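Please look through the structure below and think about how its features can be read one at a time.

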Amino acid sequence: MTLPGLKAQEAKIVNGFDGGMMLHTGYISGNIGQLGHTASGMPLGIGGVARVHLREHWRIGIEGYVSVLRQLGNGSYLKYGWGGVLGDFYWRINRFIPYAGLTIGGGKETNLLIMGEKRGIWEPVENTYYNKQGFFALDPFLGCDFVVSESFHLTIKTDWLNCINKAYKIPSGPRLYIGFIFYH
């Protein structure tokens, strides 16, 4: 029943969803104070995102990634697996959809640093350090989709993963993501 003089408005809250994969690299650096080692370089990684579109300009969803930073040229590495819940604001301008948002979540850092010299096959290497530790993270990001078709978009984004822990820090810096997103 509609009251005279008032229009019934249909408020559609969910108006679609999307998801896809992205590859990333960038430049991260930071000190591993316990070893006196400064880790730096270009990580390589992969991951993905799934989002629900709310109203005209908002999305919420989840994302997760794995990123590996090789070190010292001897098999040493820093590996991050992280993910969380995200929210972003987007705006469509013709074939472009710029967006900005924040992911709140956490992850696990795994480090293997080989500081000693290899002696022989299956011989232990002295001064080898392994550590695995969880962290809470805030990950702000900016990006832009290019609409190839209404159901297929290419995306580019950048972020800065921040470990939120006073006693423990991870090497950080900007990452650049390139990927594809399927829309429905």
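The dialogue that follows takes up the core, the aromatic rings, the salt bridges and some backbone angles.

Q: What kind of model is this, and how are the residues numbered?
A: This is a predicted model, in which local features need pLDDT of at least 70 and side-chain atom pairs count only at pLDDT 80 or more, while totals for chains, interfaces and linings use all residues. Residues are numbered from 1 along each chain as its sequence is written, and side-chain values use heavy atoms, with hydrogens and water left out.

Q: Which residues of the largest nonpolar core touch the most other members?
A: In soluble globular proteins, nonpolar side chains tend to be buried together. A nonpolar core is a set of buried Ala, Val, Leu, Ile, Met, Phe, Trp, Tyr and Cys residues joined through side-chain atoms within 4.5 Å, where buried means under 20% relative accessible area, exposed over 50%, and partly exposed in between, with a 1.4 Å probe and protein chains only. Here the largest core has 26 residues, and those that touch the most other members are Leu-78, Tyr-80, Trp-82, Phe-135 and Ile-170.

Q: Which elements give two or more residues to this core?
A: Strands (E, at least two residues) are DSSP runs, numbered from the N terminus. The elements that give two or more residues to the core are β2 (28–32), β5 (58–71), β6 (76–90), β7 (96–114), β8 (128–149) and β11 (174–183), and the largest share, five residues, comes from β6.

Q: What does Leu-78 touch?
A: Contact means heavy atoms within 4.5 Å. Leaving aside residues up to four places away in sequence, the contacts of Leu-78 include Ile-32, Ala-39, Val-68, Leu-113 and Pro-171.

Q: How many aromatic pairs does the structure hold?
A: A pair of aromatic rings is described by the distance of the centres and the angle of the planes. Rings of Phe, Tyr and Trp (its six-membered ring) pair if their centres lie within 6.5 Å, and planes under 30 degrees apart count as stacked, over 60 as edge-to-face and the rest as tilted. The structure holds 10 such pairs. In one of them, the rings of Tyr-65 and Trp-82 have centres 5.6 Å apart and planes at 35°, so this pair is tilted. Because Tyr-65 lies in strand β5 and Trp-82 in strand β6, the pair ties together parts that are 17 residues apart in sequence, and both Tyr-65 and Trp-82 are buried.

Q: What are the distance and the angle for the rings of Phe-180 and Phe-182?
A: Their centres are 5.5 Å apart and their planes stand at 70°, so the pair is edge-to-face. Phe-180 is partly exposed, with a relative accessible area of 31%, and Phe-182 is also partly exposed, at 46%. Elsewhere, ring pairs link Trp-58, Phe-89 and Trp-91 into a cluster.

Q: How many salt bridges does a search of the whole structure find?
A: A salt bridge is a side-chain nitrogen of Lys or Arg within 4 Å of a carboxyl oxygen of Asp or Glu. The search finds seven. In one of them, the side chains of Arg-51 and Asp-18 meet at 2.9 Å, N to O, and the pair links Arg-51 in strand β4 with Asp-18 in strand β1, 33 residues apart. Both Arg-51 and Asp-18 are buried, and they belong to a network of salt bridges that links Asp-18, Arg-51, Arg-59 and Asp-88.

Q: Which residue forms a salt bridge with Glu-63?
A: The partner of Glu-63 is Lys-157, with the closest N and O atoms 2.9 Å apart. Glu-63 lies in strand β5 and Lys-157 in strand β9 (residues 152–160), so the pair ties together parts that are 94 residues apart in sequence.

Q: What is the phi of Arg-55?
A: Arg-55 has a positive phi of about 55° although it is not a glycine, and Arg-55 is found in the loop between β4 (44–54) and β5.

Technical notes: Helices (H or I, at least four residues) and strands (E, at least two) are DSSP runs, numbered from the N terminus.
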